[in-house]
Amino acid sequence: MNRRIRAMYEERQVRWTIISMAMGAFAIGVSEFAAMGLLPYYAMDLGVTEPVAGHAISGYALGVVIGAPVLAVLGARVPRKTMLACLIGFFAFANFLAALMPSMMALTATRVLAGLPHGAYLGIAMLFAADLLPKGRRAAGVAQVMLGLTLANVVGVPTAGAIGQLLGWRSLFIIVTGIALLSLVMILKNAPFEHADDTASPLRELGALKNRAVWLTLLVGAVGFGGVFAVYSFLSAAMLATTQAPSWAIPMALSAFGVGATFGNMVAGKLASWSRFGGALVLLGGMAVVPLLYTLVMGNWPLMVASMLLLGMTAGLVIPLQMRLMDVAGDAQTLAAVLNHAAFNFANAMGPYLAGLALSAGYGWGSTGIVGATLACGGILVLGLAFADSRRTPRTVCA
């Protein structure tokens, strides 16, 4: 009986640990995506144009790109519970600072700080969840952590966006601070303490940087996924400028993206099981077509909402690329996991930046879709190079 009670307690602890980490992923998702939806509001409040306000989005993404590999390497021998608590605690602090910033430059700086723990937190949380569960359920643990990001898009982003419209954009960062602090408390309370891996080595993790297959896989996401962010980042501003949509239409469009991403993640898992490269090609193909459709329906808000649903369905690109990285990263699984998030956030930086250049040049709101489609086509080109490299020097039987 005692053994049975202990097993039940351990199972409950694992469940609540994963929920605690998913709560942190939820906070990260709300902070990243809701900030895009509120872009026109803080642009107006701080007296800058929408393209300039987009620098806050790019700044956050660059913070992820810088912080993910650096923190993964420096934290190689830090116990995961301690590392996760520190990362989400710092994230809460940076978001609180963002709510207080008086200028665009100061806001951008705090968004860079908030981005630093993003990739490391998600990568370590995914691996922690996998290790807490038996081998046959490890993928489910990873999916449950990532469910926090999915729910952020479906529920958290439109809700935070609606609150931000009513109470001001600064309220978004206060809300995120509260959610992140809740995750911190839950992790400290529920997560089991595991001593750091004495065999862990920063140099071993850095070994992934010598692997050409890893770099090509990361480059696919870094270029191709920029197509999503080029469109999504300026969606709210485009709807306000080109339509007479009711106030609830923008949260509805943001939620539609999240619903599409939820369905797209399920489909992407099946596509990745079928073929890593084939699944990525299908999703990148959709990522190239949908932004063009978005450009064609510009000014028609119901069709713009529908295009966001379709665009969200392509967001599952992260899954076949993550599985490809697991195939080729060898012993450097932690660094590969966080670098994948860094690559997608490089896309988050590049997409809005290039779309902002097109807008500043006077090409109109539809140009964001053209930029998005171009970036997706660039991702397809890199995917072709990665596939050719895998045929020349095969590293895995899972193509």
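Contact here means heavy atoms within 4.5 Å. The model is predicted, and the values that follow are computed from it.

Begin with helix 4, which spans residues 80-98. Which residues of helix 4 and helix 6 meet? From helix 4 come R80, K81, M83, L84, L87 and I88, and from helix 6 come A120, Y121, I124, A125, L127, F128 and D131. By class, this contact has 10 nonpolar residues, three charged ones and no polar ones. Helix 6 covers residues 118-132, and its axis lies 10 Å from that of helix 4, at an angle of about 145°. The crossing of helix 4 with helix 6 is left-handed.

Helix 4 also packs against helix 5. The axes of these two helices come within 8 Å and cross at roughly 170°. An angle over 145 degrees counts as roughly antiparallel, and helix 4 and helix 5 are therefore roughly antiparallel to each other. On the helix 4 side, the contact is made by F90, F91, A94, N95, L97 and A98; on the helix 5 side, by L107, T110, R111, L113 and A114. Eight nonpolar, two polar and one charged residues make up this contact of helix 4 with helix 5.

The lining of the largest cavity is made up of eight nonpolar, one polar and two charged residues.

The second largest cavity holds about 50 Å³ of space. It is lined by T217, V220, R276, F277, A280, P320, L321, R324, L383 and A386. Helix 10 (212-224), helix 14, helix 16 and helix 18 (367-392) are the elements that give two or more residues to this lining. Seven of the lining residues are nonpolar, one is polar and two are charged.

Two of those elements, helix 14 and helix 16, also pack against each other. Helix 14 runs over residues 276-296 and helix 16 over residues 318-328; their axes come within 9 Å and cross at roughly 155°. Helix 14 and helix 16 are therefore roughly antiparallel to each other, and their crossing is left-handed. In the contact, R276, F277, G279, A280 and L283 of helix 14 meet P320, L321, M323, R324 and D327 of helix 16. Six of these residues are nonpolar, one is polar and three are charged. R276, F277, A280, P320, L321 and R324 take part in this contact and also line the second largest cavity.

Terms used
Residues are numbered from 1 along each chain as its sequence is written. This is a predicted model: local features need pLDDT of at least 70, side-chain atom pairs count only at pLDDT 80 or more; totals for chains, interfaces and linings use all residues. Side-chain values use heavy atoms; hydrogens and water are left out. Axes are lines fitted to C-alpha atoms, for helices over the stretch in contact, and angles run from 0 to 180 degrees between N-to-C directions. Helices (H or I, at least four residues) and strands (E, at least two) are DSSP runs, numbered from the N terminus. Angles under 35 degrees count as roughly parallel, over 145 as roughly antiparallel, 65 to 115 as roughly perpendicular and the rest as oblique. A crossing is left-handed if the near helix is turned anticlockwise from the far one by less than a right angle, and right-handed if clockwise. Ala, Val, Leu, Ile, Met, Phe, Trp, Tyr, Cys and Pro count as nonpolar, Asp, Glu, Lys and Arg as charged, and the others, Gly among them, as polar. On a 1 Å grid over the protein atoms alone, a cavity is a set of points where a 1.4 Å probe fits but cannot get out, and a pocket is an open set with protein on both sides within 12 Å along at least five of seven lines; lining residues have an atom within 4 Å of a point. Grid points are joined across faces, edges and corners, and a volume is the space filled by probe spheres set on the points.
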